[in-house]
Amino acid sequence: MGNTDSKLNFRKAVIQLTTKTQPVEATDDAFWDQFWADPTTTVQDVFALVPAAEIRAVREESPSNLATLCYKAVEKLVQGAESGCPSEREKTVVLNCCRMLARILPYIFEDQDWRGFFWSTVPGAGRAGMDEVDDDEDDEGARPLAESLLLAIADLLFCPDFTVQSHKRNGPDSVEDMHSLDSCEYIWEAGVGFAQSPPLNYIHDLNRTELLRLLLTCFSEAMYLPPSSDNNILNPWVTFFCSTENRHALPLFTSLLNVVCAYDPVGYGIPYNHLLFADYREALVEQALQILITTLEHEGGSGAHRAPSPHGIDEQEPSGPDNLFVNYLSRIHREEDYDFVLKGLARLLSNPLAQTYLPNSSKKIQFHQELLVLFWKLCDFNKKFLYFVLKSSDVLDVLVPILFYLNDARADQSRVGLMHIGVFILLLLSGERNFGVRLNKPYSLNVTMDIPVFTGTHADMLIIVFHKIITSGHQRLQPLFDCLLTIIVNVSPYLKSLSMVSANKLLHLLEAFSTHWYLFSASQNHHLVFFLLEAFNNIIQYQFDGNCNLVYAIIRKRSVFHQLANLPTDAATIQRALQRKKQKPDTHAISRTSSQETVSMEGSRPAVPAEPGTLKASLVAIPGIDKLTEKSQVGEDGTMVALPRMDSPKDREVEPSTSAGASDTESNSGRDNEDVFYTEAEMERRRLSSTSSCSYWNPTPEWALSWKSKLPLQTIMRLLQVLVPQVEKICIDKGLTDESEILKFLQHGTLVGLLPVPHPILIRKYQANAGTAMWFRTYMWGVVYLRNVDPPIWYDTDVRLFEIQRM
């Protein structure tokens with residue numbers, strides 16, 4: 001009964017905020033305490049009892065009441081951080097203030113006039129909200145509200161007996177002094193730079209989760225600003241929290257990283273245990289992961305000199321406004337720390353793939369997209385970590401789950417962002433020689449995937465999954481075709497033996513991409529043929545021995561290469577091809593089924609489209625492959641030399657570089673992608689308006705001839721010239737119809753001295769730029785928005801960074 005009364009009082013207080021004609025005084029503690037004194041209030045209660053319409057009404061009609069509410073809530077948090085929350089009542093007040101602020105902040109961010117409110121100082125109020133601050137006291141008295149709030153949250157995250165285990169024995173003097181507390185001794189979990197694993201305490205996990213939720217809400221101001229090409233616009237909340245002003249930056253970064261990487265959702269492996277016991281750690285891991293990826297978005301200033309520290313992270317005095325989280329991440333350097341992080345991420349990424357004999361008996365985590373962003377950040381900011389990942393076949397423990405997610409999400413338009421991040425990671429990895437070498441490891445795992453059964457290596461698996469994405473993914477994945485083929489080209493010089501299944505898949509792609517209607521229907525389509533020919537040339541020139549399956553597939557499909565070499569480029573042929581396209585406008589880029597499609601892996605389920613009603617966040621344009629990568633040539637000694645960018649239009653035409661994919665909806669050709677940020681809905685409108693005004697691509701014979709003459713067919717034509725007569729002769733002489741005999745002949749054949757001089761290996765390495773930085777920002781915040789549904793922190797607020805669409 002008392003519980004109902006307190007909810008009623010809380011509701012009345014909310015109504016009074018909007019209806020009182022006179023502003024409520026800040027000193028009226030009896031009134032303000034109604035919002036945070038009740039120990040039975042939950043975060044769900046706060047979201048239910050404080051409706052969006054009323055928050056907006058207070059904001060418009062009683063702005064001073066909203067300002068006082070925010071100020072009083074921050075004041076309570078600051079007081080809790082100062083005292084260390086020794087009593088249960090103080091803990092209750094702190095948690096309820098967290099919930100209240102998490103509810104209100106998005107409505108402050110959505111209004112441009114209010115956005116600066118937290119960065120103003122409250123007149124006559126000191127850091128702890130005390131009115132008697134002297135003017136000549138240090139500038140602590142003039143801290144903006146946002147800074148006071150962020151510092152209080154940081155303090156509270158290391159508050160003994162509230163969020164961490166106290167080190168003092170029970171007794172009258174057991175309260176620890178918050179000012180002298182060394183939070184490095186209270187890191188939440190063993191791992192990077194910290195050896196002790198504190199005992200699990202679900203109350204501490206719950207309290208940390210509440211504080212981190214508020215912190216994430218503070219950072220979410222980024223959602224309310226439209227996409228912009230200016231990557232120097234820093235999030236003031238993140239910038240301050242990750243600066244030297246936050247004395248807990250190092251232990252907090254370490255705590256977040258260790259909690260994520262040490263988490264094991266399977267636990268003791270008892271079937272169905274996740275249905276019997278609530279896992280408080282999972283909610284904490286999820287919030288910790290989201291805090292990590294949002295704080296790591298900005299690089300801030302440049303790092304200064306580095307010196308190792310006992311914490312396993314080189315400590316330094318940062319120069320300029322360094323983001324300490326980025327700084328710490330980039331300076332993790334011990335091998336055992338790399339091993340801990342990589343094994344933890346691989347374990348969590350592989351969790352949804354785990355097969356058990358009892359259906360639904362093991363816990364499946366849902367935060368794989370955030371894990372992929374964190375892995376991306378680690379590889380991007382810490383090159384030594386990237387080299388560690390590629391040094392052993394452990395990289396395959398990350399590759400297999402990524403291929404699983406890509407294959408699983410290919411038909412679901414609501415997961416197009418997941419497709420992009422997975423492909424970006426593989427593009428980054430493929431720029432390193434070791435990745436191609438690792439792919440030669442035989443694949444023997446039992447992951448049930450909707451792909452043909454094959455016996456071969458991880459390279460075969462990669463090619464088969466990419467073929468599946470291209471031939472049976474949804475239309476909006478076409479902008480990724482360039483990236484997928486670039487990855488195959490990057491690894492091709494190192495692939496020792498492709499299986500017959502994957503060799504046939506590659507030939508099937510070439511066959512499909514080289515049809516007349518496809519080549520002539522868009523200005524960039526011929527680049528896909530260039531990529532495939534380059535991959536074939538790399539394998540023939542550098543890995544001929546061992547690749548008899550591919551050579552045999554090339555011989556069988558030799559007509560495709562002859563047709564390319566003799567491609568007619570006259571106006572009449574071009575027009576006929578385009579007419580054919582108009583007659584079947586819904587044709588997918590590639591036929592749905594390959595002539596070689598075989599039985600799928602046992603237990604696999606085909607990828608399915610999104611359920612109706614699924615929400616998805618729109619994404620901005622991704623830059624073309626020429627902006628995403630820079631070319632490097634591999635020298636004879638194995639070192640890479642970056643090649644200068646070619647800027648003349650003629651040079652650009654020959655190189656397989658496309659302005660692939662504006663948003664997920666269409667290509668952004670003819671514009672500088674770095675400066676164009678459209679959401680999907682906008683792209684759709686532009687596409688409709690452009691088709692209605694009949695401005696479509698018009699190929700000319702000169703254009704077709706300009707690239708046809710550059711097709712790198714010499715190596716393959718020479719191979720066919722030498723081997724086809726030999727194979728035909730064997731078949732006639734021995735009356736052979738059995739491919740195994742032909743393969744045996746090809747296996748022992750050689751083309752030494754018969755092929756053109758090997759060309760230098762060209763690798764296209766991922767290159768960060770403003771376009772991808774903006775893409776990552778929209779993707780990451782879109783994921784955070786959609787994943788936080790209980791409570792729905794940002795639902796129905798006026799988010800501007802992306803659009804939320806219902807499938």
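Buried, in these notes, means under 20% relative accessible area. I'm working from a predicted model, so I keep that in mind throughout.

**Overall look**

I started with the whole chain. I count 34 helices and 5 strands. Of the 807 residues, 57% are buried. I then checked the contacts with a separation of 6 or more: 79% of them come from residues 24 or more positions apart.

**Helix α33**

Next I went to α33, residues 739-748. Which of its residues are buried? I found Ile-742, Leu-743 and Leu-746. Looking down the axis of α33, I see these buried residues fall within an arc of 100 degrees, so they line one face of the helix. A reminder to myself: an α-helix has 3.6 residues a turn, so residues three or four places apart point the same way. Then I looked up what that buried set packs against, and got three partners: α22 (500-513), α25 (548-556) and α32 (714-734).

**Val-164**

Val-164 sits in the loop between α7 (145-156) and α8 (202-219). Is Val-164 buried or exposed? Its relative accessibility is 2%, so I put it down as buried, the cut-off being under 20%. Leaving out residues up to four places away in sequence, I have Val-164 touching Leu-157, Phe-158, Cys-159, Tyr-186, Trp-188, His-204 and Arg-208.

**Ser-618**

Another loop residue: I located Ser-618 between β1 (615-617) and α28 (625-628). Ser-618 has 1% relative accessibility, so it goes in my buried column as well.

**Cavities**

Last, I ran through the cavities. How many are 30 Å³ or more? I get 6. The elements giving two or more residues to its lining are α1 (2-19), α4 (52-61), α5 (63-83) and α6 (88-109). Among the lining residues I noted Val-14, Leu-17, Thr-18, Glu-54, Leu-66, Met-100 and Ile-104. By type, I sort the lining into 9 nonpolar, 1 polar and 1 charged.

Technical notes
Residues numbered from 1 in each chain as written. Predicted model: local features only at pLDDT ≥ 70, side-chain atom pairs only at ≥ 80, totals over all residues. Heavy atoms only, no water. Buried < 20%, exposed > 50% of the residue type's maximum accessible area, 1.4 Å probe, protein only. Helix = DSSP H or I, 4+ residues; strand = E, 2+ residues; numbered from the N terminus. Arc of directions from axis to C-beta. Contact = heavy atoms within 4.5 Å. 1 Å grid on protein atoms, 1.4 Å probe; cavity = no way out; pocket = protein on both sides within 12 Å on 5 of 7 lines; lining within 4 Å. Points joined across faces, edges and corners; volume = space filled by probe spheres on them. Nonpolar A, V, L, I, M, F, W, Y, C, P; charged D, E, K, R; others polar.
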